[in-house]
2 protein chains.
Amino acid sequence: MHLATIHTGAGHTRAAVRGSDADDWTLLAESDAGVLIAHPDWRDRVDRALADPGSERVSAAGSELAAPIPRPAKIVCCGLNYHDHIVETGRDVPEYPTLFAKFADTLTGPTADLVIAGSEKVDWEAELVVVVGAPIRHASRAQAEAAILGYTVANDVSCRDWQARTLQWFQGKAWDRTTPLGPVVVTADAISPTDGLSIQCEIDGDTVQHSNTRELVFDAADLVAYVSQFTELGPGDLILTGTPGGVGLGATPPRWLRDGQVLTTTIAGIGTLTNTLRISQLAPAHEPEDPA
Amino acid sequence: MHLATIHTGAGHTRAAVRGSDADDWTLLAESDAGVLIAHPDWRDRVDRALADPGSERVSAAGSELAAPIPRPAKIVCCGLNYHDHIVETGRDVPEYPTLFAKFADTLTGPTADLVIAGSEKVDWEAELVVVVGAPIRHASRAQAEAAILGYTVANDVSCRDWQARTLQWFQGKAWDRTTPLGPVVVTADAISPTDGLSIQCEIDGDTVQHSNTRELVFDAADLVAYVSQFTELGPGDLILTGTPGGVGLGATPPRWLRDGQVLTTTIAGIGTLTNTLRISQLAPAHEPEDPA
């Protein structure tokens with residue numbers, strides 16, 4: 001089953017559902033898929049909407065999609081989690097996942113422009129995203145697996161100049177509306193990243209990342225279980241699982257995104273994000289005072 | 001003016017206000033001070049409540065306080081921001097603030113027990129907290145200063161064993177209900193951290209940190225302006241400004257908090273947090289699979 005959030009005009013959105021092979025979306029009452037899955041009975045709501053001939057339906061081809069989960073309470077990101085990307089950065093395979101957080105404002109839609117003013121080193125990171133479906137704390141791997149609602153795609157677009165300013169990556173990763181998410185959430189019964197899904201990133205049609213989710217060091221259930229040791233996760237919370245090799249930072253010489261380029265991010269069985277970069281390399285309006 | 005969130009029984013809370021020298025709190029209609037200050041007319045609401053003889057009032061002495069802003073949308077934390085703490089960690093004075101994020105679930109009340117299961121290296125970090133009062137983006141220092149609503153106190157209690165597992169500090173800093181916040185928010189017209197406020201941390205009455213907020217490398221306005229370059233801040237968002245020297249990690253040998261100890265965190269002119277540690281040094285229920 002696919003879940004989505006669809007723009008319905010005048011700034012409004014609606015949660016929507018379709019079978020993997022259906023040509024149209026069935027709209028639900030909820031304003032987005034995140035609000036929908038916060039209801040413990042969301043599967044019943046979906047079943048009723050699909051069965052009801054009176055439900056509103058829109059064609060998949062004509063629908064403009066938003067980020068499926070636009071307001072998660074928690075977004076946890078994992079770095080250094082693909083065997084090939086770890087090799088690229090010259091590091092050892094880690095014993096523990098490297099984690100950082102982002103805010104919901106960082107997210108944007110699967111076809112939105114990415115507007116960035118003030119970075120000269122904008123890089124790409126195609127990522128599999130885990131969508132949590134149930135409250136979970138101090139979970140075993142099996143409990144974590146059962147709490148996974150599904151999967152979607154993100155590109156953790158990163159401002160490497162800001163990221164490299166200090167030891168902590170956050171300020172290069174938390175730019176408003178620079179992490180496209182979507183296009184849909186595919187439920188966990190329909191897809192298995194651990195068995196292997198092709199993940200790919202292109203710039204203007206040129207493939208820059210191409211790997212497989214079976215290369216993940218810590219898989220979806222590992223990450224949900226690990227994070228749940230220190231914080232409760234709940235419906236709609238997201239875990240970005242890290243990016244494979246092929247980022248611009250790892251190229252010789254390093255390669256950065258340019259204004260007007262189109263970034264395409266695909267995971268087989270989930271879908272594709274298509275985002276145009278709108279980069280103005282202005283210095284930010286404010287630099288911190290000289291810390292003399 | 002002081003703002004607070006007061007426990008009113010049966011799991012309920014109310015926003016409250018008092019003059020700096022008043023003996024009682026005046027309760028407002030809103031459920032907490034974060035909800036209150038989200039209203040652009042919050043100062044009018046406060047003025048009306050203070051002037052109304054029919055307002056509910058409770059004695060300050062008899063009130064149990066909650067975290068004043070229990071559900072901020074964004075909590076940004078700054079590390080390595082006191083000259084004395086930077087010296088302690090052996091680093092140079094930084095050109096840029098070191099930033100990371102935490103989730104609202106990390107917060108707890110100014111007298112709450114801190115329950116931690118699964119860390120053997122629990123450390124303390126007394127911190128000044130900036131409370132943002134207005135939407136702000138791409139701000140100058142002057143604009144940032146104008147957008148600061150006030151200040152409160154936090155202790156960024158840190159699980160150093162988890163923090164040191166990887167390059168990113170987040171997993172040692174994001175444990176649910178381990179960052180006490182409060183006891184009150186003091187409005188910016190009543191206090192000036194840049195001019196200097198004494199900041200102090202004690203363990204069972206033994207002073208371990210004692211510094212002054214004028215030691216901050218990046219002050220409140222610097223941090224608000226800097227963060228606003230990449231993400232919009234809004235009413236109730238918090239910036240934890242970093243901790244002075246004297247943390248357990250910096251001691252020789254390192255010193256960790258023990259079960260039953262009382263952590264006292266004070267900033268002159270704002271107030272004191274008093275929290276008892278409840279530490280069980282159990283291994284977590286789950287360790288990640290061997291990443292072979």
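How much area do chain A and chain B bury between them? In this predicted model, the two chains bury about 4500 Å² between them, and carbon and sulfur atoms account for 64% of it. On the residue level, the contact draws 49 residues from chain A and 50 residues from chain B.

Six salt bridges are counted between chain A and chain B. One of the salt bridges joins the side chains of Asp105(A) and Lys74(B), with an N to O distance of 2.7 Å. As for who supplies the chain A side, strands S6 (75-79) and S7 (98-102) each put in at least two residues, and so do helices H6 (170-173) and H7 (220-227). S7(A) gives the most, with five residues. Sorted by type, the residues on the side of chain A that touches chain B come out as 27 nonpolar, 13 charged and nine polar.

Leu149(A) counts as buried because its relative accessible area is 3%, under the 20% cut-off. Leaving aside residues up to four places away in sequence, Leu149(A) touches Leu3(A), Ile37(A) and Trp42(A), the run Val131(A), Val132(A) and Gly133(A), and also Val185(A), Val186(A), Thr187(A) and Ala188(A). Asp222(A) lies 73 residues from Leu149(A) along the chain, and their C-alpha atoms are 15 Å apart.

How values were computed. Residues are numbered from 1 along each chain as its sequence is written. Chains are lettered from A and ligands numbered from 1 in the order in which they are written. This is a predicted model: local features need pLDDT of at least 70, side-chain atom pairs count only at pLDDT 80 or more; totals for chains, interfaces and linings use all residues. Side-chain values use heavy atoms; hydrogens and water are left out. Buried means under 20% relative accessible area, exposed over 50%, partly exposed in between (1.4 Å probe, protein chains only). Contact means heavy atoms within 4.5 Å. Buried area is the accessible area (1.4 Å probe) that two parts lose on being put together, summed over both. A salt bridge is a side-chain nitrogen of Lys or Arg within 4 Å of a carboxyl oxygen of Asp or Glu. Helices (H or I, at least four residues) and strands (E, at least two) are DSSP runs, numbered from the N terminus. Ala, Val, Leu, Ile, Met, Phe, Trp, Tyr, Cys and Pro count as nonpolar, Asp, Glu, Lys and Arg as charged, and the others, Gly among them, as polar.
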